[in-house]
Amino acid sequence: MPEQSIAKARERRDYERTASIISGALAIVGSSDLAMRGVAAAVKRTAKSPQQYMIAEWLKTYTAPGNPGNKFFKNIRHLHPNVRKRFVAGMMANFFMRDPEYTESLLKERGISSPTAILISPSMRCNLRCVGCYAAEYDDEDSLTEEDVESIVTQSEEIGSRVFVMLGGEPFVWRPLLNVIERHPQSVFMVFTNGTMINDRMADRIVELGNLCPTISIEGGRESTDARRGEGTYDRVMAAMDRLHERRAMFAFSATATSHNIDEITSDEFADLMVEKGAFYGWYFAYMPVGREPDLSLMPSPDQRDQLRRGVIHIRNTRPLLVADFWGDGTLTGGCLSGGRKYLHINNKGDVEPCIFAHFATDNIKEKSLLDCLCSDFFKDLRRMQPFGKNLLRPCPIIDHPAVMKRAVERNHAYPTHEGAESLLNELQPGLHKYAVGVRDKLNPIWQQEMPWAHAWLDADPEYQRRKNRGADADNIPDEAGEIVSEDIAVNN
């Protein structure tokens, strides 16, 4: 025990020192164009792999005078010192400075890597009554306890995962949230929120803690947001952003792309509004046919998937706003993140799900350790098939390769964690397969003809090279998710 205490004290000291150095460096980098050129040159000098050289070249271009990264880093310099040190520097330290010895031992002993992020929905309760959402039907008895979440965070830190995404419901409805965050200053927390509970007192507390970043959901403009979330919600969201900006907090936005709002949320006007309000980054998620009354017609069409991808690239290239397309940027992550490869989701009942959108599980965190859950046959099965296809613009095992999630669930006897989850495997399958074919026909030529950088980026990715060597996507290989063809049928064909 004394040795463990000494080791933890040393870890805290090293983390504080690293975060302080990074925070100070960020302040200097944002102070002048000369400093930014110096950092870009230093990154290039230390690059060893082809991917690192590509990152160095991107950083040089991104931060050059007149380009959006130049303004982005200057904006970071003006963040509150608590936020710059505890969230921004903390995020960088946790992503790039993990203990390599522990990572290697975990891979050797258990065959896994610690996930980049752990997603937790401590409660499904919410203060809004959004169209199509069932969160308002839950009560306190349907939530994780403070002890449950404390245990999840502690177990995650012990295996090297210190980035947490808090979901719901509305996370701020769960009262112990900020207490848990305060007890873990060496971890960082992205809180996906509707923003309506961020009053002056909450905004002050967010800056005081420093290690959390609210990510505020918005449907587009006033009409779109109020139609989904209730009259007056848009104005409350704008007020929350103003409060955070005034206090020099870091915050982001989250937008769900549907077949109806794709033009609005990828417009220059929307991007300019987010920059004006002070957002630093943003997430774009395609509508997923899960939850109450799933509607395939709300999914962005194949053409709209490409529109979203191009819109996100345009915003990144023209605004000091780092935005990501959760599907279209699959190339940068080597494909799907689910099943513990890069992340997992623990719901309000403790069920350990492969993804926030995949409502199936074989284990519960109240009955098994996080490490044992990561090593489940269900998660291993998903990881062995990743990436699920050779075109990483189509990374998803639910909507791009729908046979994959169906086969993994059935093969490992996973149980549904939400009412109606089975529809994804049954009545929605024909529509999902048709959708997947349309996306394939749209995006495959783009992948082959317009993205030479992606192929260079993936040359050093062993998982992607394994998929290429298999010669087909997972949904076309019998021992993965493809149909098993009998010998008689094979002979006749």
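Predicted model: local features only at pLDDT ≥ 70, side-chain atom pairs only at ≥ 80, totals over all residues.
**Ile265**

Leaving aside neighbours within four places in sequence, I found Ile265 in contact with Glu219, Gly220, Ala255, Thr256, Ala257, Phe270 and Tyr284. I placed Ile265 in helix 12, residues 262-265. Buried or exposed, I asked of Ile265? Its relative accessible area is 0%, so I noted Ile265 as buried. I also looked up Gly221, which lies 44 residues from Ile265 along the chain. The C-alpha atoms of Ile265 and Gly221 are separated by 8.2 Å.

**Nonpolar core**

Next I turned to the largest nonpolar core, which has 137 residues. Which of them touch the most other members? I noted Phe87, Phe253, Met274 and Tyr284. Tyr284 was already on my page as a contact of Ile265. I then listed what Phe87 touches, not counting residues up to four places away in sequence. The list holds Asn82, Val188, Phe189, Met190, Gly210, Asn211, Leu212, Cys213, Met250 and Tyr281.

Tyr281 has Leu322 of strand 7 as its bridge partner. Tyr281 is also among the contacts of Phe87.

I then worked through strand 2, residues 163-166. Which way do its side chains point? Val163 and Val165 point one way, Phe164 and Met166 the other. I noted all four as buried. In a regular strand the side chains alternate between the two faces of the sheet.

I checked the partners of strand 2 on both sides. Strand 1 (residues 117-120) pairs with strand 2 in the parallel sense over three bridges. Here Ile120 stands opposite Met166. Strand 3 (residues 188-193) also pairs with strand 2 in the parallel sense, over four bridges. Val165 has Met190 of strand 3 as its bridge partner. Met190 is another residue that Phe87 touches. I followed the chain from strand 2 through helix 8 (residues 177-182) to strand 3 and recorded a right-handed β-α-β unit.

**Aromatic rings**

I noted 16 aromatic pairs in the structure. Trp58 and Tyr62 are four residues apart in helix 3 (residues 50-62), so about one helical turn separates them. I compared their accessibility. Trp58 is partly exposed at 44% relative accessibility, whereas Tyr62 is buried at 6%. I also found one aromatic cluster made of Phe192, Trp283, Phe285, Phe326, Trp327, Tyr343 and Phe357.

**His401**

My last entry is His401. I located His401 in the loop between helix 17 (377-385) and helix 18 (402-411). Its relative accessible area is 0%, so His401 counts as buried. Which backbone oxygen does the side chain of His401 reach? It is that of Arg394, at 2.9 Å. Not counting residues up to four places away in sequence, His401 touches Phe388, Gly389, Arg394, Cys396, Asp473 and Asp475.

Definitions and conventions:
Residues numbered from 1 in each chain as written. Heavy atoms only, no water. Phe/Tyr/Trp six-rings, centres within 6.5 Å; stacked < 30°, edge-to-face > 60°. Helix = DSSP H or I, 4+ residues; strand = E, 2+ residues; numbered from the N terminus. Buried < 20%, exposed > 50% of the residue type's maximum accessible area, 1.4 Å probe, protein only. Pairing = 2+ DSSP bridges. Right-handed = clockwise from strand over helix to strand, strands pointing away. Core = buried A, V, L, I, M, F, W, Y, C linked by side-chain atoms within 4.5 Å. Contact = heavy atoms within 4.5 Å. Polar contact = N/O pair within 3.5 Å; in protein donor to acceptor, adjacent residues only side chain to side chain.
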